[in-house]
Amino acid sequence: MTTAIFGAFESGIIYAIMALGVYLSFRVLDFPDLTVDGSFVTGAAVAAMMIVSGANPFIATLLALVAGFIAGCLTGILHTFGKINALLSGILMMIALYSINLRIMGKSNVPLLNTETALSHVRDAWDKTGLDNIFNSLLTAVGLGDSLPRTWGILIFMIIVTFAIKLLTDRFLQTEIGLALRATGDNKRMIRSLSANTNFLVILGLGLANAMVAFSGALIAQQGGFADVGMGIGMIIIGLASVIIGEAIFGTKTIARTTLAVIGGAIIYRIVVTLALRVEFLEPGDMKLITATIVIIALILPKIIHKSRENKRKAKRIASVKASEYIKGESDASIKSNP
Amino acid sequence: MLQLNQIHKVFNEGTPDEKTALDSIDLTMKKGDFITVIGSNGAGKSTLMNIISGVMLPDIGAIYLDNKNISLLSEYRRAKMIGRVFQDPMAGTSPSMTIEENLAMAYSRNKNRTLRKGVTRQRKEMFREVLESLHLGLENRLNAKVGLLSGGERQALSLLMATFTEPSILLLDEHTAALDPARAELITNLTKEIVKKYNLTTLMVTHNMQQALDLGNRLIMMDKGQIILTVDEEQKKKLTIEQLLNEFQRIRGAKMTNDRALLT
């Protein structure tokens, strides 16, 4: 049980990078970008093929990021210069990428077991430090000794990487270009009248978003030990689920707070799915159904809560008005009865 | 300063809905000129604004700004030199961003946007200073989201954002029309103050004849895509609404039919 949750936490923090990408396109740019389903696999495919052919896995991961950037830019170009509807340009790119991903991999599945990946390097380096023993003895001391993770190295490495990306994103969105990018999602007409090239900004934003998505895909492939042409199906919904859950639970007061919320949302999503799959009658194939259900609940629940709070407030006000009328009525009655 | 040469613009050309929006418009503005534009609906006032700002390109004709031909320059490139305030108070600001962030975006208008921080301590000081000129207390709410401001406050902020980088020309497109009378007066007064302070060359479209007479040093009247009347500085000082309406009747042989134009 604890091991499963630990695993969920570990992959959650990797998927969080993808969720940050979805946040950038979906929320900041207000662009429902379905490229994600394809670019996630593109990242995985590029990294996997390079690693299999003997390249340095860290360079392979970075090149996956570049591939995602290009894919995102193409969606942006379709939308801005081709004047194709936002949803449709994303779908077109996603479909095109399916074939491209197959071409990159040459087959539908590339296993990475027994090869040196970026994450296995990290694990090996970590093992040399011997810090695992300290963490593990701590866990054993609190009575969790029977569910020790394989290694702490990957988790800690990924926390550092994800937070570095989060901080870079926060920082970028405060720069002059970043402000213009946010305004592009908020009020295009206004930012154009302030001399910003909104076409360029949409392309840049989608490029960056998909770069993060592909980067996350590359790392997930290395963590899971394979790249598969179908691993991106429904990725946009998972990203969206993370964003919505995170925003609902942790709030959106500032940019830094929101990006933190998105990371939290990604981790919570993974844990919820892991727990759901332990229910007797659910099978791994039900995962997409569970995801869809989670997103629907996350979308509807806040509205229901808001509505019921409003109703309570109304009921209170009506009660207080009635009460004051009752008092007034009593005093009226007493005035009448007095003479 | 600004020069329009023989501008033509036709909409839906070759269809039954064909409409000549601008018909050989010639207009020259000197530095510091403040021209008010009046005319009934469909006279081509808004099209004129859109042609100058680059939202639309003219079919024929040339536009010169600071002796540079900008006829084919895209909207965002022209925007470096042109400040604009829209009729809709929501249109000129970004609601989910803070006041200081909005000002930072306006501040970058005539510069190249870089990866430097948009809101620095130094800029904050400057933003506070320019906000004080609005007398709305916004200088104490730099971190408030613009979406929380009232329509009047947002329009005042839009006006400030359009002007404080001192553009070559300021375009005001009925920028007080969507506000209640008190707010409209506030914005009108602010417009006067700001235009005077920066000595801005200004073109203002309005439906309010009184406003058209009160503000600016020149006036033009448009109808059916043409400039049918130009009033220079000396004449404008003596002009009354009555005279304007009579003039329209004399030129067009018809009464001005637009109620909104008569509401003063």
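This passage describes the predicted model of two chains, chain A and chain B, beginning with chain A and ending with the contact between the two. Because the model is predicted, local features are reported only at pLDDT of at least 70 and side-chain atom pairs only at pLDDT 80 or more, whereas totals for chains, interfaces and linings use all residues. Residues are numbered from 1 along each chain as its sequence is written, and chains are lettered from A and ligands numbered from 1 in the order in which they are written.

The secondary structure of chain A consists of 13 helices and 2 strands; helices (H or I, at least four residues) and strands (E, at least two) are DSSP runs, numbered from the N terminus. The C-alpha trace of chain A extends about 105 × 60 × 40 Å along its principal axes. Chain A has 339 residues, of which 45% count as buried. A residue is buried if 20 or more other C-beta atoms lie within 10 Å of its own, exposed if 12 or fewer, and partly exposed in between, with C-beta atoms placed from the backbone. Among the contacts in chain A with a separation of 6 or more, 79% join residues 24 or more positions apart; two residues are in contact if their C-beta atoms, placed from the backbone, lie within 7 Å.

The unreviewed UniProt entry places the feature "transmembrane region" at residues 12-29, 58-78, 85-104, 152-169, 198-220, 226-246, 258-277 and 289-306 of chain A. UniProt positions are given in the numbering used here, feature names are shortened, and annotations may be inferred rather than shown by experiment. In the model, residues 12-29 of chain A are 94% helix and 0% strand, with end C-alpha atoms 24 Å apart. Residues 152-169 of chain A are likewise 94% helix and 0% strand, and the end C-alpha atoms of this span lie 26 Å apart. Helix 7 of chain A (residues 153-172) contains A:Ile159, which counts as partly exposed because 15 C-beta neighbours lie inside 10 Å. The C-alpha atoms of A:Ile159 and A:Gly264 are 12 Å apart in space, although 105 residues separate the two in sequence.

Two packed helices are described by the angle between their axes and the distance between the axes. Axes are lines fitted to C-alpha atoms, for helices over the stretch in contact, and angles run from 0 to 180 degrees between N-to-C directions. Angles under 35 degrees count as roughly parallel, over 145 as roughly antiparallel, 65 to 115 as roughly perpendicular and the rest as oblique. In chain A, the axes of helix 1 (residues 2-28) and helix 10 (residues 198-224) come within 8 Å and cross at roughly 165°; helix 1 and helix 10 of chain A are therefore roughly antiparallel. Their crossing is left-handed, meaning that the near helix is turned anticlockwise from the far one by less than a right angle, and right-handed if clockwise. Residues meeting in this contact include A:Ile14, A:Met18 and A:Leu24 from helix 1 of chain A and A:Leu208, A:Met212 and A:Phe215 from helix 10 of chain A. The contact comprises 15 nonpolar, 7 polar and no charged residues, where Ala, Val, Leu, Ile, Met, Phe, Trp, Tyr, Cys and Pro count as nonpolar, Asp, Glu, Lys and Arg as charged, and the others, Gly among them, as polar.

Helix 10 of chain A also packs with helix 8 of chain A (residues 176-186), their axes coming within 10 Å and crossing at roughly 100°. That angle makes helix 8 of chain A roughly perpendicular to helix 10 of chain A. Helix 8 contributes A:Ala180, A:Leu181 and A:Thr184, and helix 10 contributes A:Thr198, A:Leu201, A:Val202, A:Leu204 and A:Gly205. By class, these are 5 nonpolar, 3 polar and no charged residues.

In chain B, the unreviewed UniProt entry places "domain: ABC transporter" at residues 2-249, a span that is 35% helix and 24% strand. Helix 1 of chain B (residues 45-53) has 7 of its 9 residues buried, so it is largely enclosed by the rest of the structure. B:Gly54, with a positive phi near 95°, follows this helix.

The contact between the chains takes 24 residues from chain B and 19 residues from chain A. Helix 3 of chain B gives the most to the chain B side, with 4 residues. That side divides into 9 nonpolar, 7 polar and 8 charged residues.
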